[in-house]
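This report describes selected local features of one protein model.

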Amino acid sequence: MGGINAAGRTSSHQSYQRTVLDALPTASQHHTLLGLASLMALATREADQWRDTQGNALDEASLIAQHRDWILTHTNIRRIEDPQFGDDGISSAKKAGLSLDTPLTFVLSRRQLPTPTPAHWQVREIDRRQVEVTVPAGPLDVMLPEQRDALVKSAGQLPTGFEPASFYRSVHHPRGLAMSIFGASDCLGQSGLEWQDIIDRLDPDAVAVYAGNSIGQLDQNGWGGLLQSFVTGQRATSKQMPLGYGQMPADFINAYVLGSVGTTGSMLGACATFLYNLRLGVEDIKQGRRRVVMVGTSDAPITPEVVEGFRVMSALADDASLKALDALELLTDADYQRASRPFARNCGFTIAEASQFILLMDDSLALEMGAQVLGSVPDVFVNADGWKRSISAPGIGNYLTLGKSVALAKDLLGDDAVRHRSYIHAHGTSTPKNRTSESHVMDMVARAFGIENWPVAAIKAFIGHSQGSAAGDQMASALGTFAFGMIPGIPTLDQVADDVFAEKLDFFTTPKAFTADVSFINAKGFGGNNATAPLLSPDVTERLMTLRHGEAAMTAWRSRRDRTLERSAAHENASHGGHFKPTYQFGEGVLEGPELSMDSAGLKIPGYANPVSFNVDNPFGHLNDK
């Protein structure tokens with residue numbers, strides 16, 4: 001696993017530990033804070049010596065004492081730090097109709113003349129660069145510049161000081177794609193596996209990458225800048241159009257991180273996008289079409305236009321709604337940090353950014369490679385809502401996806417495991433509709449399967465809603481729970497709202513000690529995009545693998561895994577000290593066709609140990625030519 005969100009890195013469970021920080025032993029707290037300090041460019045570690053940004057040596061205790069408060073207030077949900085959302089305001093323009101009593105004369109750069117120049121304008125050349133324009137009296141339509149006050153000022157931003165594009169040769173890459181490079185590289189590093197070792201064992205076509213996001217790249221370097229270009233007078237660039245596509249995270253990973261020629265793509269499903277892509281990977285592996293799949297999403301939606309789009313839907317917790325909710329005249333930084341309140345009295349979700357990636361393998365290859373087993377996914381269930389009154393309103397599909405997930409877990413693990421050793425990672429957006437609809441789904445499923453007190457996690461209280469990456473955030477957190485034995489609480493849950501169906505559910509505000517066999521990763525997206533995945537713990541997964549492969553194979557795997565864990569620890573050691581080296585191989589090993597060799601059996605590609613086989617499956621029968 002690898003990635004980044006408002007709470008920190010995915011690898012080493014850093015972001016998870018930030019959400020349970022106060023419940024960790026002191027040594028683990030310090031380790032987490034030091035790692036966040038380096039991530040946020042507050043310090044780096046050189047040869048076991050920490051140094052601040054001026055190069056001064058610091059001991060760990062001094063570094064933590066100096067930066068602890070800053071780290072805690074500049075991670076997770078907080079006031080948006082982009083100046084546009086502060087006193088500077090959002091640059092905008094207002095259309096106005098002027099009525100000129102007398103002719104208006106002004107000097108203008110020749111390049112700034114509109115094309116075509118209005119016929120009633122009188123234009124006199126001053127020199128090669130400037131002209132004098134006279135507009136006759138009468139009506140004149142203009143755009144007046146203005147600085148709009150941002151109506152939403154809270155978000156789940158990446159930790160302050162962390163800039164993913166600064167760690168590799170990024171040239172005008174949209175933020176979401178820079179996050180993709182970092183997240184996928186973090187995933188490979190945490191795995192402890194050498195990618196070349198993996199592909200040397202496989203047909204190159206046995207690899208797949210399913211990655212994307214829910215709304216594309218909408219910042220200035222992507223479609224946002226492209227769509228603004230005409231009305232802002234800026235030139236569109238040759239990169240904005242292609243780099244804006246929603247599947248571009250997969251394309252970047254294939255081209256610059258893995259060099260993969262295998263299957264690729266992205267399945268977009270609003271807030272369920274991560275699980276949709278996970279489903280593609282799981283199905284490919286179950287059907288034997290692929291043996292290793294990188295799955296992920298990367299969303300960077302904290303832009304004025306996207307925020308305004310969700311605000312006018314009444315989907316976001318805007319400043320006015322937060323003030324009304326708590327009867328406040330002004331909002332402080334502390335109020336912004338409490339903006340997301342799943343299953344409490346709330347007023348809308350808090351937008352966030354995140355990049356999350358996981359590496360899937362079939363169990364045989366995992367044993368052969370000595371891969372770490374962090375957990376397993378037996379299936380992902382997806383269902384639509386049927387007939388709907390509003391495209392954004394909740395519907396009935398989630399009853400199906402969660403019900404089928406629990407039924408599969410019961411069949412795999414037994415009734416006792418589901419009733420006593422399972423919990424839900426709720427979508428938990430912090431909207432009034434979600435708190436009612438999702439709690440009813442969970443309560444009904446609990447009743448159907450005899451679950452009396454089902455623990456519920458809702459980590460959007462910490463990190464906000466990262467759109468298509470939301471379920472990836474939930475999965476990363478669940479893997480942390482498996483490792484540390486604690487479910488994050490919902491710290492903004494002062495009181496469960498009256499319209500929440502809570503009789504069979506367990507809501508709590510502080511971390512809950514819990515031994516989980518399975519976590520149900522739930523997503524409810526706009527448009528009826530519902531998905532749920534049962535995520536099995538590493539302990540349960542190893543027991544299932546032992547049933548399939550035998551104890552001798554598992555013993556041999558553990559021996560091979562030791563080397564993998566060493567490489568993984570080396571990656572963590574470098575990352576913990578602030579030394580990030582994302583994989584970005586631009587222009588290396590490029591092949592265009594003449595270098596290939598082909599016969600009827602397959603295609604040989606330089607750089608790949610095995611050819612791509614043309615032995616394709618044909619279930620349709622054969623017509624014999626005569």
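Glu438 lies in helix 16, which spans residues 432-448. Helices (H or I, at least four residues) and strands (E, at least two) are DSSP runs, numbered from the N terminus. The model is a predicted one, in which local features need pLDDT of at least 70 and side-chain atom pairs count only at pLDDT 80 or more, while totals for chains, interfaces and linings use all residues. Residues are numbered from 1 along each chain as its sequence is written, and side-chain values use heavy atoms, with hydrogens and water left out.

Glu438 counts as buried because its relative accessibility is 0%; buried means under 20% relative accessible area, exposed over 50%, and partly exposed in between (1.4 Å probe, protein chains only). Leaving aside residues up to four places away in sequence, Glu438 touches Phe343, Asn398, Ala426, His427, Gly428, Asn522 and Lys524, where contact means heavy atoms within 4.5 Å.

Ser568 belongs to helix 20 (residues 551-576). With a relative accessible area of 9%, Ser568 is buried. Residues up to four places away in sequence not being counted, Ser568 touches Gly189, Gln190, Ser191, Gly192 and Gln372.

Helix 20 packs against helix 4 (residues 175-191) at an angle of about 135 degrees, and the two axes are 6 Å apart. Axes are lines fitted to C-alpha atoms, for helices over the stretch in contact, and angles run from 0 to 180 degrees between N-to-C directions. Helix 4 is therefore oblique to helix 20; angles under 35 degrees count as roughly parallel, over 145 as roughly antiparallel, 65 to 115 as roughly perpendicular and the rest as oblique. Helix 4 contributes Ser185, Asp186, Gly189, Gln190 and Ser191 to the contact, and helix 20 contributes Thr564, Arg567, Ser568 and His571. By class, the contact of helix 4 with helix 20 holds no nonpolar, seven polar and two charged residues. Here Ala, Val, Leu, Ile, Met, Phe, Trp, Tyr, Cys and Pro count as nonpolar, Asp, Glu, Lys and Arg as charged, and the others, Gly among them, as polar.

## The contact of helices 2 and 3

Helix 2 (residues 26-39) and helix 3 (residues 60-73) pack with their axes 9 Å apart, at an angle of about 70 degrees. The two helices, helix 2 and helix 3, are therefore roughly perpendicular to each other. On the side of helix 2 the contact is made by Gln29, His30, Leu33, Leu34, Leu36 and Ala37, and on the side of helix 3 by Glu60, Leu63, Ile64, Arg68, Ile71 and Leu72. The residues in the contact of helix 2 with helix 3 comprise eight nonpolar, two polar and two charged.

In strand 15 (residues 292-299), eight of the eight residues are buried. Val292, Met294, Gly296 and Ser298 point one way from strand 15, whereas Val293, Val295, Thr297 and Asp299 point the other way.

Strand 15 pairs with strand 13 (residues 207-212) in the parallel sense over six bridges; two strands pair if DSSP finds at least two bridges between them. In this pairing Val207 stands opposite Val292. Strand 15 also pairs with strand 16 (residues 354-361), in the antiparallel sense and over eight bridges, with Thr297 opposite Gln356.

## Nonpolar cores

The largest nonpolar core has 38 residues, and those with the most contacts inside it are Trp195, Ile198, Ile253, Leu258, Val292, Met294 and Met361. A nonpolar core is a set of buried Ala, Val, Leu, Ile, Met, Phe, Trp, Tyr and Cys residues joined through side-chain atoms within 4.5 Å. Elements giving two or more residues to this core include helix 4, strand 13, strand 15 and strand 16. Helix 8 gives the most, with seven residues.

Ile253 touches Ala184, Val209, Ala211, Leu258, Gly259, Met294 and Phe357, not counting residues up to four places away in sequence. Another core, of 32 residues, lies apart from the largest one and has Val377, Tyr423, Ile487 and Leu535 among its members.

Three strands form an open sheet in the order 3-4-5, with antiparallel pairing. Strand 3 (43-46) and strand 5 (57-58) are the edge strands, each pairing on one side only. Strand 3 is joined to strand 4 (residues 49-52) by four bridges, and Glu46 has Gln49 of strand 4 as its bridge partner.

Three strands also form an open sheet in the order 25-26-27, again with antiparallel pairing. Strand 25 (597-599) and strand 27 (612-613) each have a single partner strand, so one side of each is left without a neighbour in the sheet. Two bridges link strand 26 (residues 602-604) to strand 27, where Val612 is the bridge partner of Leu603.
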